[in-house]
Amino acid sequence: MPIEIVHGPEVPKTDLPFSPAIKAGGFIFVSGQASVDERTGRIISDKFENEFRRSMEHVRRILDAAGAELKHVVQVRSYVKDPKDVPEYNTLYREYFTEPFPARTTITNCLAKVLFEIDVVAYVGA
């Protein structure tokens, strides 16, 4: 089975040792996306909503580079620094994902430098 690293001019850059996404067997595995500058990878601290939207736009651009869209996402793992932001997270999440919602896990009290991070798995078929 071929494994392909997802590249593209719109894919956020990082100096860290991971691929933004891997495409394998009809699946796209998107690494954790946080509120970072897409050209430098530097963290952009902001209010929760802005960090969430920045992270989601990174996911959207990576999926686009891989030939997919948010509607192809089958699993979401999200990390919310402060549990008080979970209600806002749920509201914002519905702007990006609709029924049938992807399977989802949300972990709180787990981040040090950002308020939100998300990784997803999308399925586009063989």
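Contact here means heavy atoms within 4.5 Å. This is a predicted model. A search of the whole structure finds 9 salt bridges.

**V76 in strand β4**
- V76 sits in strand β4, which runs over residues 73-80.
- V76 counts as buried because its relative accessibility is 0%.
- I118 is 42 residues from V76 in sequence, yet their C-alpha atoms are 7.1 Å apart.

**Helix α1**
- Helix α1 has 18 residues, 48-65.
- At 1.5 Å a residue it should span 26 Å, and its end C-alpha atoms are 26 Å apart, so the two agree.
- Its buried residues include F48, F52, M56 and I62.
- The buried residues of α1 pack against β2, β3, β4, α2 and β6.
- G67 follows α1 and has a positive phi, near 85°.

**Salt bridges at R53**
- E49 and R53 join side chains in a salt bridge at 2.9 Å, N to O.
- Both lie in α1, 4 residues apart, so about one helical turn separates them.
- R53 also forms a salt bridge with E95, with the closest N and O atoms 2.8 Å apart.
- E95 lies in helix α2 and R53 in helix α1, so this pair ties together parts 42 residues apart in sequence.
- E95 is partly exposed, at 48% relative accessibility.

**The network around D37**
- Salt bridges link D37, E38, R39 and R61 in a network.
- The D37 and R39 side chains meet at 3.6 Å, N to O.
- D37 is buried at 17% relative accessible area, whereas R39 is exposed at 61%.

Technical notes:
Residues numbered from 1 in each chain as written. Predicted model: local features only at pLDDT ≥ 70, side-chain atom pairs only at ≥ 80, totals over all residues. Heavy atoms only, no water. Helix = DSSP H or I, 4+ residues; strand = E, 2+ residues; numbered from the N terminus. Buried < 20%, exposed > 50% of the residue type's maximum accessible area, 1.4 Å probe, protein only. Expected span 1.5 Å × (residues − 1). Salt bridge = Lys/Arg side-chain N within 4 Å of Asp/Glu carboxyl O.
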